[in-house]
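Biologist: Could we go through this model together? I would like to start with strand pairing and then turn to other topics.

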Amino acid sequence: MQPDDTIAAIATPPGVAAVAIVRISGTRARDVAHACFVPARPGPLVRAHMRRGWLRDPENGAKLDDALAVMFAAPHSYTGEDVVELHVHGGAGVVGTCLAHVLRAGARLAAPGEFTRRAFVNGRLDLAQAEAVADLIEAQSKAAAAAAVARLDGALGRGLSELRDELLARLVEIEAHVDYPDEVPEPARAPLTQTVKAHIARIEALLSASGAARALRDGIECAIAGPPNAGKSSLLNALVEAERAIVSDIPGTTRDIVEDRVVVDGVVLRLRDTAGLRTAADAIEVEGVSRARGAIERAELVILVIDGSQPLSADARAALAATAGRPRIVLSNKADLGDRARAELTGLDGTLIAGSVRRPDTIAQMRAEIARLGWGGGVIDAQRALVANARQIDALTRARVSLVHARETLASDMPIDMLAVDLRAALAAYGEVTGETVTEEVLDGIFSRFCVGK
């Protein structure tokens with residue numbers, strides 16, 4: 001990847017549309033655009049300027065499309081470089097031809113995320129904001145989009161930059177004393193302790209909201225499990241409010257995993273209705289049960305559906321044993337027909353709900369319990385959901401560990417220079433989140449998840 005190259009890519013999804021965009025960024029963006037676009041009225045592309053004209057073949061000048069060219073001048077563009085967007089009609093032939101001519105005129109095809117990576121390198125975004133761009137593109141609910149917008153606003157980066165500045169000032173005081181003990185007095189421990197404690201509190205607040213933030217960003221993997229004919233498929237249909245799965249009194253109807261998604265309090269729940277857990281009758285059902293057990297192992301939350309109108313069967317007891325020790329909700333279903341299993345279900349780990357998938361109050365109770373177990377319950381505050389991915393959580397967790405060790409060092413009256421190692425480690429961890437101390441390998445991994453046009 002050459003940062004001085006002029007890059008180009010299609011910035012809109014594939015398929016037929018009224019308009020598609022080919023984006024160009026780099027020092028030669030204007031020259032490339034001028035080779036492929038002739039404005040209806042003569043004149044150059046200038047800052048923040050939109051011109052109507054003709055897309056043309058750069059070799060023979062043949063007109064190809066009635067188009068628009070939009071100019072964003074450096075350093076105020078998205079990437080911090082000159083950016084030109086060519087807006088053309090959205091047929092595949094026109095869009096592909098436009099990109100081919102742009103590449104022929106001197107641009108190269110952008111790598112995934114290269115536009116946003118250039119924005120980060122050129123100081124238009126910090127790394128947490130860059131990751132928020134991808135989160136916003138991938139958001140599957142209104143709440144997830146709102147949380148991504150809050151992160152894109154840069155609140156996390158600004159907060160960590162303030163912490164970095166404060167901690168760096170304290171570190172400079174310590175190292176100045178260590179290097180020049182006769183000229184620079186030892187820093188007072190009380191202000192140092194106050195600073196370290198304040199940082200620990202700030203980091204713990206960010207981490208405490210990270211579970212909900214990750215739920216908004218990634219959704220929750222949820223397996224609906226249980227013996228045959230307990231009502232698993234009926235529960236799936238009730239949660240998604242559609243006839244998504246086949247419901248039948250015949251045992252073993254569900255033989256493969258049926259998947260769907262439902263939004264609960266703004267969080268996407270990835271539901272997997274699995275085959276009934278029992279001793280299978282044929283090879284196909286054996287495979288279905290095997291897949292069901294795999295889905296249970298991978299699930300972050302298990303909803304175990306039991307026919308509560310009858311005493312527990314051997315299959316029901318086996319299903320309870322197979323899901324023991326996992327985050328789970330046990331639904332004692334068919335309460336409208338009886339409650340003969342309640343005594344045997346009382347005292348089991350997990351949450352027990354007795355009701356019927358046919359009753360709206362049972363489904364409402366299920367949704368509330370899913371929210372409580374999945375992300376702490378209630379609608380998530382997007383403004384607090386600032387730390388949303390494993391990389392950021394890991395970095396801030398390591399910062400907290402270093403700061404706690406620094407607090408213990410201060411409390412035990414150990415030599416002041418021993419603080420320096422922990423403070424440097426915390427500073428480096430802050431920098432990993434915002435991008436000041438991140439490696440090229442990490443950047444490659446982050447931006448590889450972006451689409452090519454972003």
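This is a predicted model: local features need pLDDT of at least 70, side-chain atom pairs count only at pLDDT 80 or more; totals for chains, interfaces and linings use all residues.

Biologist: Which residue is the bridge partner of isoleucine 7 in strand 7?

Modeller: The partner of isoleucine 7 there is arginine 108.

Biologist: And what is the strand order of the open sheet of seven strands?

Modeller: The order is 3-4-5-6-2-1-7, and the pairing is mixed. Strand 3 (37-39) and strand 7 (108-109) are the edge strands, each pairing on one side only.

Biologist: Which strands does helix 2 lie across?

Modeller: Helix 2 (residues 92-104) lies across strand 1, strand 2 (19-25), strand 4 (49-56), strand 5 (63-72), strand 6 (83-89) and strand 7. Relative to strand 6, helix 2 runs at about 150°.

Biologist: Let us change topic. Is strand 10 mostly covered or mostly uncovered?

Modeller: Strand 10 (residues 267-273) is mostly covered, with seven of its seven residues buried. Both faces are covered: one side carries Val267, Leu269, Leu271 and Asp273, the other Val268, Arg270 and Arg272, and all are buried.

Biologist: How many bridges join strand 8 to strand 10?

Modeller: Five bridges join strand 8 (residues 220-225) to strand 10, and the two run parallel. Glutamate 221 stands opposite arginine 270 of strand 10.

Biologist: Now the cavities. How many are there of 30 Å³ or more?

Modeller: The structure holds two of that volume.

Biologist: Which residues line the largest cavity?

Modeller: The lining of the largest cavity consists of Asp135, Glu138, Ala139, Ala144, Arg151, Arg217 and Arg449. Helix 4 (127-138) and helix 5 (142-152) are the elements that give two or more residues to this lining.

Biologist: What is the make-up of that lining by class?

Modeller: The lining of the largest cavity has five charged residues, two nonpolar and no polar ones.

Biologist: And what lines the second largest cavity?

Modeller: The second largest cavity is lined by Glu138, Ala139, Gln140, Ala144, Leu216, Arg217, Asp218, Gly219 and Val268. Helix 8 (residues 210-218) supplies the largest share of that lining, three residues. By class, the lining of the second largest cavity divides into four nonpolar, two polar and three charged residues.

Methods
Residues are numbered from 1 along each chain as its sequence is written. Side-chain values use heavy atoms; hydrogens and water are left out. On a 1 Å grid over the protein atoms alone, a cavity is a set of points where a 1.4 Å probe fits but cannot get out, and a pocket is an open set with protein on both sides within 12 Å along at least five of seven lines; lining residues have an atom within 4 Å of a point. Grid points are joined across faces, edges and corners, and a volume is the space filled by probe spheres set on the points. Helices (H or I, at least four residues) and strands (E, at least two) are DSSP runs, numbered from the N terminus. Ala, Val, Leu, Ile, Met, Phe, Trp, Tyr, Cys and Pro count as nonpolar, Asp, Glu, Lys and Arg as charged, and the others, Gly among them, as polar. Buried means under 20% relative accessible area, exposed over 50%, partly exposed in between (1.4 Å probe, protein chains only). Two strands pair if DSSP finds at least two bridges between them. Contact means heavy atoms within 4.5 Å. Axes are lines fitted to C-alpha atoms, for helices over the stretch in contact, and angles run from 0 to 180 degrees between N-to-C directions.
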